Amino acid sequence: MLMKWVCLFLCCFVALSSKAKIPISIETDIYNYAQQVLGEESIESIEHFKHPSCRRDVVEFILVQKAIKLGGLNLEYDFVLGDYDARNIRLIQHGLLLISFDSIWLNEASQYANDVFISEPVIRNGEFYAGIYVAPNKITELTPKLKNGISDLSFVTSEAWHTDVKTLTALKPKNLIIEADWLVMAKMVSSGWVDAMLAPFKPALPFEYTGKNYKIRAIDGVKVALQDSRHFVVSKKHPLGNKTFKALQKGLKQLRQSGYIERAYKECGFLNPLVEDWQEIKAKLD
């Protein structure tokens, strides 16, 4: 896989002057959801994100491209589909990937500051709350256990989600299981092997995620505060890194000032006004 990216990078490098397409690795499902959300719209024209297939990752797939274009840089992309979630940051560090179309928490991005440019926040500190998702048939049983926090529930999360791990560890659940794949986590919760997992809220009630062999739903009335900001990262070692970062920053500034960024996240449910009055579970972080 690494050799594949070396070859793509070299082709990109030698042909930059001739408008070569920039290879961008993207999760297959996110790419497909984005095409559904876009429909007949283009990256430039889309204004609203009220669509059942929309989620944070989809908004950001569109947002980052829109910002770079608004910033005055016209790039063409060659989307490489697959399971790249854990590998993208390493590719960016080595200059084999220009940019991730998925934002990451500042807590994580700061660890790679020598190798990456870090954008202005797209999700600002204090804006985001996650839901506590459980199997629908366990909601009645588990809800009373949240009266004094999450210490009576077992949770599953990914070690790649640094802010989630830090938050859950500070909240001291009964047990914290680490699992790399989101679908595996959802199936573990749906099957009752573990009580709960954190996940974003969706645009409308009931807040739930459903797929092949899994169904999970957020417990009403409670939310967990994730205290960090989210940013895009651009490789300092990629030949287009500096130019892309400047365009991205310029475009994000315009989108922030116009209210586009906040509206997009709210319409997809990531920043959700429906949970404003819900009980907040907040960790005491150092």
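This report describes aromatic pairs, helix contacts, selected residues and backbone features in a predicted model.

## Basis of the model

The model is predicted, so local features need pLDDT of at least 70, side-chain atom pairs count only at pLDDT 80 or more, and totals for chains, interfaces and linings use all residues. Residues are numbered from 1 along each chain as its sequence is written, and side-chain values use heavy atoms, with hydrogens and water left out.

## Aromatic pairs

A pair of aromatic rings is described by the distance of the centres and the angle of the planes. Rings of Phe, Tyr and Trp (its six-membered ring) pair if their centres lie within 6.5 Å; planes under 30 degrees apart count as stacked, over 60 as edge-to-face and the rest as tilted. By this rule there are 18 aromatic pairs. One of them joins Tyr133 and Tyr209, a tilted pair with 5.3 Å from centre to centre and 55 degrees between the planes. Tyr133 belongs to strand S5 (residues 129–134) and Tyr209 to strand S9 (residues 208–211), so the pair ties together parts that are 76 residues apart in sequence. Strands (E, at least two residues) and helices (H or I, at least four) are DSSP runs, numbered from the N terminus. Tyr133 and Tyr209 are both buried; buried means under 20% relative accessible area, exposed over 50%, and partly exposed in between (1.4 Å probe, protein chains only).

Tyr265 and Phe270 also form a tilted pair, with 5.7 Å between centres and 45 degrees between planes. Tyr265 and Phe270 are buried. One aromatic cluster is made up of Tyr31, Phe61, Tyr77, Phe79 and Phe101.

## Charges over rings

A charge sits over a ring if NZ of Lys or CZ of Arg is within 6 Å of the ring centre and within 35 degrees of the ring normal. Lys223 lies over the face of Tyr129, 4.2 Å from the ring centre. The ring of Phe117 has the charged end of Lys236 over it, at 5.6 Å from the centre.

## Helices H9 and H10

Helix H9 (residues 241–257) and helix H10 (residues 260–267) have axes that come within 5 Å and cross at roughly 70 degrees. Axes are lines fitted to C-alpha atoms, for helices over the stretch in contact, and angles run from 0 to 180 degrees between N-to-C directions. H9 and H10 are therefore roughly perpendicular to each other; angles under 35 degrees count as roughly parallel, over 145 as roughly antiparallel, 65 to 115 as roughly perpendicular and the rest as oblique. Leu252, Leu255 and Arg256 of H9 make the contact with Tyr260, Ile261 and Glu262 of H10, where contact means heavy atoms within 4.5 Å. The residues of this contact divide into four nonpolar, no polar and two charged. In these classes Ala, Val, Leu, Ile, Met, Phe, Trp, Tyr, Cys and Pro count as nonpolar, Asp, Glu, Lys and Arg as charged, and the others, Gly among them, as polar.

Leu252 in helix H9 is buried, with a relative accessible area of 4%. Not counting residues up to four places away in sequence, Leu252 touches Leu63, Ala67, Ser119, Glu120, Val122, Phe232 and Ile261. Leu252 and Lys145 are 107 residues apart in sequence, and their C-alpha atoms are 42 Å apart in space.

## Helices H2 and H3

Helix H2 (residues 28–38) packs with helix H3 (residues 56–70) at an angle of about 75 degrees, their axes 9 Å apart. That makes H2 roughly perpendicular to H3. On the H2 side are Ile30, Tyr31, Tyr33, Ala34, Gln35, Val37 and Leu38, which meet Asp57, Val58, Phe61 and Ile62 in H3. By class, this contact has nine nonpolar, one polar and one charged residues.

## Strand S7 and Ile177

Ile177 is found in strand S7 (residues 175–178) and is partly exposed, with a relative accessible area of 25%. Not counting residues up to four places away in sequence, Ile177 touches Phe155, Val156, Thr157, Met188 and Val194. Ile177 and Glu159 are 18 residues apart along the chain, with 9.5 Å between their C-alpha atoms.

## Backbone features in loops

The peptide bond from Leu205 to Pro206 is cis, with omega near -5 degrees. Pro206 lies in the loop between strand S8 (197–199) and S9.

Lys172 is not a glycine, yet has a positive phi of about 55 degrees. Lys172 is in the loop between helix H7 (162–171) and S7, and is exposed with a relative accessible area of 62%. Asn213 also has a positive phi, near 70 degrees. Asn213 lies in the loop between S9 and strand S10 (214–218) and is exposed, with a relative accessible area of 59%.
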